[in-house]
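Please look through the sequence and the model below before reading on. The paragraphs that follow lead from one part of the chain to the next.

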Amino acid sequence: MNYVILIGRLTNDVEVKEVGENKVVNFTLAVQRTYKNKDGENEADFINCSVWGTTAENLKNYCRKGSQVAVKGQLVTSSYEDKDAYNFSEKDPDRESPHAL
């Protein structure tokens with residue numbers, strides 16, 4: 001089963017973009033790790049996410065930079081080649097729904 005639940009904080013204010021007749025929000029979630037590094041500091045992973053439609057509008061209306069958000073969905077792997085022919089691979093959650101906490 002491919003299912004993830006992430007809880008973290010928005011790294012920026014949310015911006016809604018229109019794609020055809022639909023709306024999308026792309027955002028980055030800072031998810032704190034459960035352990036500290038050798039210097040005693042917490043580390044975080046920065047996860048790229050996106051939501052569509054009315055969910056995108058709700059995220060824009062109710063969340064700001066630093067808001068704590070839970071995202072649940074499936075992890076999707078995508079790959080692409082940049083203009084210099086370098087290959088990249090990303091793993092991003094394909095959200096079902098974000099929830100402001």
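This is a predicted model: local features need pLDDT of at least 70, side-chain atom pairs count only at pLDDT 80 or more; totals for chains, interfaces and linings use all residues.

Is glutamate 57 buried, exposed or partly exposed? Glutamate 57 counts as partly exposed, because its relative accessibility is 32%, and this value falls between the cut-off of 20%, under which a residue is called buried, and the cut-off of 50%, over which a residue is called exposed.

Glutamate 57 has a partner, for its side chain meets that of lysine 23 in a salt bridge, with 3.4 Å from N to O. Side chains of opposite charge can pair when their charged atoms come close. Lysine 23 belongs to strand β3 and glutamate 57 to helix α1, so this pair ties together parts of the chain that are 34 residues apart in sequence. Lysine 23 is also partly exposed, because its relative accessibility is 28%.

The structure holds three salt bridges, and the next to consider is the one between glutamate 43 and arginine 33, whose closest N and O atoms are 2.9 Å apart. This pair links distant parts of the chain, since glutamate 43 is in strand β4 and arginine 33 is in strand β3, ten residues apart. With a relative accessibility of 28%, glutamate 43 counts as partly exposed, and arginine 33, at 27%, counts as partly exposed as well. Arginine 33 also forms a salt bridge with aspartate 45, and here the closest N and O atoms are 2.7 Å apart. Aspartate 45 lies in strand β4 and arginine 33 in strand β3, so the pair ties together parts that are twelve residues apart in sequence. Aspartate 45 has a relative accessible area of 30% and is therefore partly exposed. Through salt bridges that share partners, Arg33, Glu43 and Asp45 are joined into one network.

From these charged residues we can turn to the nonpolar ones. In soluble globular proteins, nonpolar side chains tend to be buried together. In this model, the largest nonpolar core has 15 residues, and those that touch the most other members are Leu10, Val25, Phe27, Leu29, Val51, Leu59 and Val69. At least two residues of this core come from each of β1 (4-10), β3 (22-36), β4 (42-52), α1 (53-62) and β5 (68-81). Of these elements, β3 gives the most to the core, with four residues.

Helix α1 is also the place of alanine 56, which counts as buried because its relative accessibility is 0%. If residues up to four places away in sequence are not counted, alanine 56 touches Val16, Lys23, Val24, Val25 and Val51. Alanine 56 and lysine 17 are 39 residues apart in sequence, while their C-alpha atoms are 9.1 Å apart in space.

Serine 67 is found in the loop between α1 and β5. Its relative accessible area is 19%, so serine 67 is buried, given that the word is used for values under 20%. A polar atom of the serine 67 side chain lies 2.8 Å from the backbone nitrogen of arginine 64. Leaving aside neighbours within four places in sequence, serine 67 is in contact with Gly8, Arg9 and Leu10.

What, then, can be said of nonpolar residues at the surface? Phenylalanine 46, which lies in strand β4, counts as exposed because its relative accessibility is 55%. Not counting residues up to four places away in sequence, phenylalanine 46 touches Thr11, Thr28, Leu29 and Ala30. Phenylalanine 46 and glutamine 32 are 14 residues apart in sequence, and 8.8 Å separates their C-alpha atoms in space.

A nonpolar patch on the surface is formed by Met1, Tyr3, Ile5 and Ile7, which together have about 530 Å² of accessible area. Methionine 1, found in the segment before β1, counts as exposed because its relative accessibility is 100%.

Conventions:
Residues are numbered from 1 along each chain as its sequence is written. Side-chain values use heavy atoms; hydrogens and water are left out. A nonpolar core is a set of buried Ala, Val, Leu, Ile, Met, Phe, Trp, Tyr and Cys residues joined through side-chain atoms within 4.5 Å. Buried means under 20% relative accessible area, exposed over 50%, partly exposed in between (1.4 Å probe, protein chains only). Patches are made of residues with over 30% relative accessible area and no salt bridge: like charges are joined within 9 Å, nonpolar side chains (Val, Leu, Ile, Met, Phe, Trp, Tyr) within 5 Å. Accessible areas come from the Shrake-Rupley method with a 1.4 Å probe; for residues, only the protein chains shown count as cover. A salt bridge is a side-chain nitrogen of Lys or Arg within 4 Å of a carboxyl oxygen of Asp or Glu. A polar contact is a pair of N or O atoms within 3.5 Å; within protein, one must be able to donate a hydrogen and the other to accept it, and residues adjacent in sequence count only if both atoms are side-chain atoms. Contact means heavy atoms within 4.5 Å.
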